[in-house]
Amino acid sequence: MSDPVKKRATYQDVRDAHEHTVAEIVDGELRVSPRPGAPHTSAASSLMIELGGPFQKGTNGPGGWIILVEPELHLGEDVLVPDVAGWRVERMPTVPEGAYFALPPDWVCEVLSLRTAVDDRLEKLPIYAAAGVRHAWLIDAANRSLEVFRLHEGHWLVVGTYRGSQRVRAEPFDAIELDLGAIWAYLPSPGRGSRASEPGADYAFAFELEYELERST
């Protein structure tokens, strides 16, 4: 006898999740995660500070963006909560009323952890691409690294990989130099034996990731 068809999660399942968790729907499945740890939160908050001045306020930068921490995105049947996301003001001049955003952002950033890294790469990135998000960042705070992706003809292309305390121009915020060191300035030093502490280790990924947009409707 075949297994019964699993019921697809609904937004009511998200609403019913415990208030101290992050609830998402990924390909019809409810994913409930504990709130991010302190280093994760610190990296996301520091990134928001670095980008918010020049790109949201227009201080020493071009402005033109609305950048938000942990917005709830409704992308078709998927409900995702990136760590940080941004919309160009010509697409979203003001934030909507209500608890979620139906308009896909122009940029998303996920801060990776051991628990979320695989899901962020292999499941959430393709959903963002299918929704038309043009840029995505993956930050690994433990290893002090940043991967920058651009959507091109249905594929995610790696256009930059950085680590440590570099000053970088990273799409779509390449109008300024971003000080990576400021993102992890308040994080504890990587423990011995971690990939970031190996002599000569370069955690900037030297490969080109492409995620096919072959998702069933």
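Biologist: What should I know before I start?

Modeller: The model is predicted; local features need pLDDT of at least 70, side-chain atom pairs count only at pLDDT 80 or more, and totals for chains, interfaces and linings use all residues. Residues are numbered from 1 along each chain as its sequence is written, and side-chain values use heavy atoms, with hydrogens and water left out.

Biologist: What is the mean pLDDT of the protein chain?

Modeller: pLDDT is the predictor's confidence in each residue, from 0 to 100. Here the chain mean is 85, and 85% of residues reach 70 or more.

Biologist: Where does pLDDT stay under 50?

Modeller: Where pLDDT is low, the predicted coordinates should not be read in detail. That concerns residues 192-217, where pLDDT stays under 50.

Biologist: Which residues touch the most other members of the largest nonpolar core?

Modeller: A nonpolar core is a set of buried Ala, Val, Leu, Ile, Met, Phe, Trp, Tyr and Cys residues joined through side-chain atoms within 4.5 Å. Buried means under 20% relative accessible area (1.4 Å probe, protein chains only). The largest core has 27 residues; L47, L51, I67, W107 and W137 touch the most other members. Helix α2 (38-57) gives the most, with 6 residues. Helices (H or I, at least four residues) and strands (E, at least two) are DSSP runs, numbered from the N terminus.

Biologist: How do β1 and β2 run?

Modeller: Two strands pair if DSSP finds at least two bridges between them. Here 6 bridges join β1 to β2 (residues 29-34), and the strands run antiparallel. I25 stands opposite L30 in β2. In β1 (residues 21-26), 5 of 6 residues are buried.

Technical notes: Contact means heavy atoms within 4.5 Å. Buried means under 20% relative accessible area, exposed over 50%, partly exposed in between (1.4 Å probe, protein chains only).
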